[in-house]
Amino acid sequence: MDSLYSLTIHEAHRLLATRQVRSLELTKSVLARLARVEPKIHACVTITEELALRQAEEADRRIQAGDCQPLTGVPVLIKDNMCTQGVRTTCSSRMLDNFVPPYNATVVEMLNRLGAVMVGKTNMDEFAMGSSTENSAFFPTHNPWDLGYVPGGSSGGSAAAVAADEAFYALGSDTGGSIRQPAGFCSVVGLKPTYGRVSRYGLVAFASSLDQIGPLTKDVTDCALVMNSISGHDPRDSTSIREPVPDYTHALVSDLKGVRLGVPEEYFAPGMQEEVRGAIEAALAELRRMGATVERLSLPHTRYALAVYYIIAPSEASANLARYDGVKYGYSYRDAGTIWEATEKTRQFGFGPEVKRRIMLGTYALSAGYYDAYYLKAQKVRSLIRRDFDQALEHCDALVTPTSPTVPFKLGQRVDDPLQMYLSDVCTLSVNIAGIPAISIPAGFAGGLPIGMQLMGRPFSEETLLRIAFAYEQITDWHKRRPAL
Ligand code: GLN
């Protein structure tokens, strides 16, 4: 079969487990696909062909010996902000252009232990700051549905790659929407887990109180399988939580009887694209037909979310990015007369414009005299935003919104207007502020470009989100469509 690359994880697993196909064949099929479509998509910063072939052979030996877990032998792509031992990890930044980590992120280690096959590392907005992958210091990634459009960001490489069948699944990270928004823009499934559900050890930090790693997959079943494999407490991440990890595949039942959905009016504000509103309303009608009840409600502090995010995220970023001084690792300016000049020039040449903008915003917000007015105030409003969700989710099992107010925009269209760019995450940011889980699933198209639907839930209610997403997927075929490449 030459189209093995187009299978889902669960389909590939069935073939592997019954010995109808070998991991080496799957991997070669994916590598050939990468070679064919990468020149159009540019989703990857690095392709690890040799490593992948070696891991595939190991996986085949393991399967021969009778040990075939759901991810064993299945090719994956990893966003380039997760440390991979011996494999360059750049965050799509000049600063880390030559950084080869001496250790693996916990999620990478977990996948390795299951016998996963890593085919490469995906492009992203520099240090995960952005919504279009145009802030990559290397090159922009193109949306597989229309190469003139952005794939979303910051995990745009991961989302575009999965949509283009360049891997069976990918890992992304989400600080304010970076898994869900690109998933929506590329018509794949993307889940941001509850804060603390997945270890952040080895994830290059952007905003530590908001960052979370999660899967981008071709369908909801695959999302559950990846969640089973990457969730859990990690002694190396003090913010990861000691909650038992359920078998997420048990949530995949196509029945919505008794499920109560809330629809927050603030997410359907004027300015959103009419086709997006129409697609979400149509999806709500389907969900109601399947037995769910739908209630319109309000999350009154939503209008502060963007402001709160753009105080908290840059503040934490400015602290996290202080470590790039040209001494410890990464890029280092060598022709300086003094240590100060070396640090200054390292940061001047190593960071791109968006990263510098965030560092300046954050340093200002945290500075003596302004801290109370900005950072402290933002933290207080953060509690109010969280409280809105707590109250709404007391009587609702999940909240339904669009993932983004518009379909993907054209490459270049928003790069010179940071505020417009920031606005593409209005629907996703508040989820990170509150620390709750949310999933984006394919929910339609407008003019050939994808529309995503977002489901948000209580802390540790990933199962509920997967159940609703799965039920919706059973009666639609948006997730089955693939871009013509
Ligand atoms: N687009 C948002 C930002 O630029 C969110 C990014 C993210 O989730 N990493 O900060």
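Let's start with one pair. The side chains of E281 and R296 meet in a salt bridge, 3.1 Å from N to O. By salt bridge I mean a side-chain nitrogen of Lys or Arg within 4 Å of a carboxyl oxygen of Asp or Glu. This pair links distant parts of the chain, 15 residues apart: E281 sits in helix α8 (residues 274-289), and R296 in strand β8 (residues 293-297). Helices (H or I, at least four residues) and strands (E, at least two) are DSSP runs, numbered from the N terminus.

A word on the source. This is a predicted model, where local features need pLDDT of at least 70 and side-chain atom pairs count only at pLDDT 80 or more, while totals for chains, interfaces and linings use all residues. Residues are numbered from 1 along each chain as its sequence is written, and side-chain values use heavy atoms, with hydrogens and water left out.

Now, exposure. Buried means under 20% relative accessible area, exposed means over 50%, and partly exposed is in between, with a 1.4 Å probe and protein chains only. E281 is partly exposed, at 30%. R296 is partly exposed too, at 48%.

How many salt bridges does the structure hold? There are 18. Take D397 and R260, with their closest N and O atoms 3.2 Å apart. D397 lies in the loop between α12 (372-395) and β9 (398-402), and R260 in strand β7 (residues 260-264), so this pair ties together parts 137 residues apart in sequence. D397 is buried, at 13% relative accessible area. R260 is partly exposed, at 35%.

Next pair: D325 and K328. Their closest N and O atoms are 2.9 Å apart. Buried or exposed, what is D325? D325 is buried, with 18% relative accessible area. K328 counts as exposed, at 52%. Elsewhere, salt bridges that share partners join D165, K218 and R482 into one network.

On to the helices. Q55 is found in helix α3 (residues 49-64). Q55 is buried, at 13%. Leaving out residues up to four places away in sequence, Q55 touches N112, A116, V117 and M118. Touching here means heavy atoms within 4.5 Å.

Last, helix α15, residues 462-474. Its 13 residues reach 18 Å from first C-alpha to last, close to the 18 Å expected at 1.5 Å a residue. That expected span is 1.5 Å times one less than the number of residues. Several α15 residues are buried, including L465, I468 and Y472.
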